[in-house]
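Thanks for coming, everyone. Please bring up the structure, and I will walk you through it.

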Amino acid sequence: MCPTRVEDVVCPFCGCLCDDLAVTVEGERVVAVENGCTLANEKFTGDHRLPHPIRRRGGKWEETTYDEAIRETAEILLSAKRPLLYGWSGTVVEAQTIGVHLAELLGAVIDNTSTVCHGPSIMAIQEVGHPGCTLGQVKNRADVIVYWGANPIQAHPRHMSRYTTYADGFFVKSAFRERKVIVVDVRETDSSEVADEFVRVAPGGDYAVLTALRMIVRGKGEFVPDTVAGVPREQLERVAQTCLSAKFGAVFFGLGLTMSRGKYKNVRNAIELVEELNRHTKFTISPLRGHWNVYGSNEVFTWITGYPFAIDFSRGIAFYNPGETTAVDILRRGECDACLVVASDPGAHFPRACAAHLARIPTVQIDPHVNATTHLSRIQIPVGVTGIDAEGTAYRMDGVPLRTRKVLSRNVPDDVEVLGKIYALVREARG
């Protein structure tokens with residue numbers, strides 16, 4: 001069979017959703033990827049999928065059929081008093097929509113991976129708003145970039161080359177020379193090595209440094225101590241001046257800000273710093289979303305329920321209270337008695353106590369690959385890989401929706417089909 005080249009393919013790995021990939025398909029495999037980073041290449045060419053549904057019987061795995069696995073999953077969810085539906089960041093909005101309706105039908109809690117990444121960012125945005133912009137605007141206009149608590153070279157390998165450090169834009173003709181890059185972090189990273197200015201903050205000192213920068217921007221620099229969280233005042237004044245002299249600046253922040261001491265208060269302080277800068281010039285701020293379509297799950301959940309994550313339907317209405325209705329808290333308290341995991345791997349990322357509870361209760365995973373959560377599950381249903389042999393809509397980290405398409409045709413159901421059948425069985429049982 002002759003190889004086929006497919007262009008303008010959307011990458012299904014991180015929140016950048018790079019849409020300029022070209023892949024070469026031979027038979028039922030992708031054999032080459034152009035324009036992709038190392039992560040994208042592995043995602044497309046890796047071939048370590050679970051070939052059929054499996055279920056655990058007597059401590060051992062056995063093969064089963066899709067119909068049987070779907071029926072058992074529906075029975076587990078129907079017999080649970082407090083089911084949890086978790087994940088959703090690695091699948092398309094069409095599947096996420098079914099998930100929310102399924103949770104409402106079951107009176108379940110539904111949560112996405114924001115609970116362990118940018119949930120604090122969303123809480124801060126709910127309080128003070130979001131002065132953001134698209135990645136295209138950053139590429140074409142920004143002459144100052146700030147990465148705070150993030151290492152894009154490792155986590156988003158093409159972010160710098162497509163949108164910031166090395167990306168020439170309409171108003172920034174020679175990005176490498178004209179664009180200033182500032183990295184703020186607690187340690188040196190690959191990203192800090194290519195920055196024009198590296199600000200090393202003592203662990204847990206982000207809030208204090210952001211406050212000091214706000215004071216300097218407001219003209220109250222004389223009240224800033226000589227050193228703030230390990231950062232000399234002279235360097236803070238230099239960073240503030242670089243930001244104030246920008247024609248268009250953009251701040252990108254990662255989990256180093258959202259998951260360190262201060263959490264959502266850090267993000268709120270960063271947004272308020274950007275608001276201060278906007279009194280003098282144009283500045284924006286955006287989270288670097290890591291999980292592929294986690295932005296889409298926040299959008300879908302909000303469209304349907306009014307809340308972006310951690311939604312509890314047990315009261316008959318949508319209820320949202322992070323810290324109480326978030327998946328980690330529910331699992332840590334041992335509250336849920338069944339769990340459906342879709343397009344995520346909590347076994348690899350959740351605290352030990354949460355993983356232990358997942359192993360005690362009937363856990364069903366819908367995912368193409370064997371991962372850490374497989375070892376905690378009772379049933380696993382493999383599906384097509386979204387963006388490779390399943391299509392649908394996903395949101396880029398800046399809120400731009402993109403349509404992904406199939407580059408392979410395999411006889412494997414996708415998330416939408418499997419979830420649709422589970423929903424139909426539950427709805428039939430509930431009348």
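In which loop does Ala-229 lie? Look between strand 11 (227-228) and strand 12 (231-232); Ala-229 is in that loop. Keep in mind that this is a predicted model.

Why start there? Look at the backbone. Ala-229 has a phi near 50°, a positive value in a residue other than glycine. Its relative accessible area is 22%, so Ala-229 is partly exposed; the cut-off for buried is under 20%.

Now a second residue with a positive phi. Leu-17 is not a glycine either, and its phi is about 45°. Find Leu-17 in the loop between strand 1 (4-9) and strand 2 (21-26). Is Leu-17 buried or exposed? Its relative accessibility is 1%, so Leu-17 counts as buried.

Next, helix packing. I have two pairs.

Take helix 2, residues 66-79, and helix 18, residues 415-430. Their axes come within 9 Å and cross at roughly 50°. Helix 2 and helix 18 are therefore oblique to each other. What is the hand of the crossing of helix 2 and helix 18? That crossing is right-handed.

Who touches whom? On the helix 2 side we have Asp-67, Ile-70, Arg-71, Thr-73, Ala-74, Leu-77 and Leu-78. They meet Val-418, Lys-421, Ile-422, Leu-425, Val-426, Ala-429 and Arg-430 in helix 18. By class, this contact of helix 2 with helix 18 has nine nonpolar, one polar and four charged residues.

The crossing of helix 10 and helix 13 is left-handed.

The contact residues of helix 10 include Tyr-207, Leu-210, Leu-213 and Val-217. From helix 13, among them are Asn-269, Ala-270, Leu-273 and Glu-276. The class count for helix 10 with helix 13 is seven nonpolar, three polar and five charged residues.

Hold on to Glu-276. It brings us to charges.

How many salt bridges does the structure hold? The total is 29.

Glu-276 forms one of them, with Arg-279; the closest N and O atoms are 3.4 Å apart. Glu-276 has 5% relative accessibility and so counts as buried. Arg-279, at 62%, counts as exposed.

Asp-312 and Arg-315 form another salt bridge, with the closest N and O atoms 3.5 Å apart. Asp-312 counts as buried at 2% relative accessibility. Arg-315 counts as partly exposed at 46%.

Now Arg-49 and Asp-389. In this salt bridge the closest N and O atoms are 2.5 Å apart. Which parts does the pair tie together? Arg-49 lies in the loop between helix 1 (38-45) and strand 4 (54-57). Asp-389 lies in the loop between strand 19 (379-381) and strand 20 (392-395). So the pair ties together parts that are 340 residues apart in sequence. Asp-389 is buried, with a relative accessible area of 4%.

Last stop: a network. Arg-55, Arg-57, Glu-62, Glu-68, Arg-71, Glu-72 and Glu-75 are linked by salt bridges.

Key. Residues are numbered from 1 along each chain as its sequence is written. This is a predicted model: local features need pLDDT of at least 70, side-chain atom pairs count only at pLDDT 80 or more; totals for chains, interfaces and linings use all residues. Side-chain values use heavy atoms; hydrogens and water are left out. A salt bridge is a side-chain nitrogen of Lys or Arg within 4 Å of a carboxyl oxygen of Asp or Glu. Helices (H or I, at least four residues) and strands (E, at least two) are DSSP runs, numbered from the N terminus. Buried means under 20% relative accessible area, exposed over 50%, partly exposed in between (1.4 Å probe, protein chains only). Axes are lines fitted to C-alpha atoms, for helices over the stretch in contact, and angles run from 0 to 180 degrees between N-to-C directions. Angles under 35 degrees count as roughly parallel, over 145 as roughly antiparallel, 65 to 115 as roughly perpendicular and the rest as oblique. A crossing is left-handed if the near helix is turned anticlockwise from the far one by less than a right angle, and right-handed if clockwise. Contact means heavy atoms within 4.5 Å. Ala, Val, Leu, Ile, Met, Phe, Trp, Tyr, Cys and Pro count as nonpolar, Asp, Glu, Lys and Arg as charged, and the others, Gly among them, as polar.
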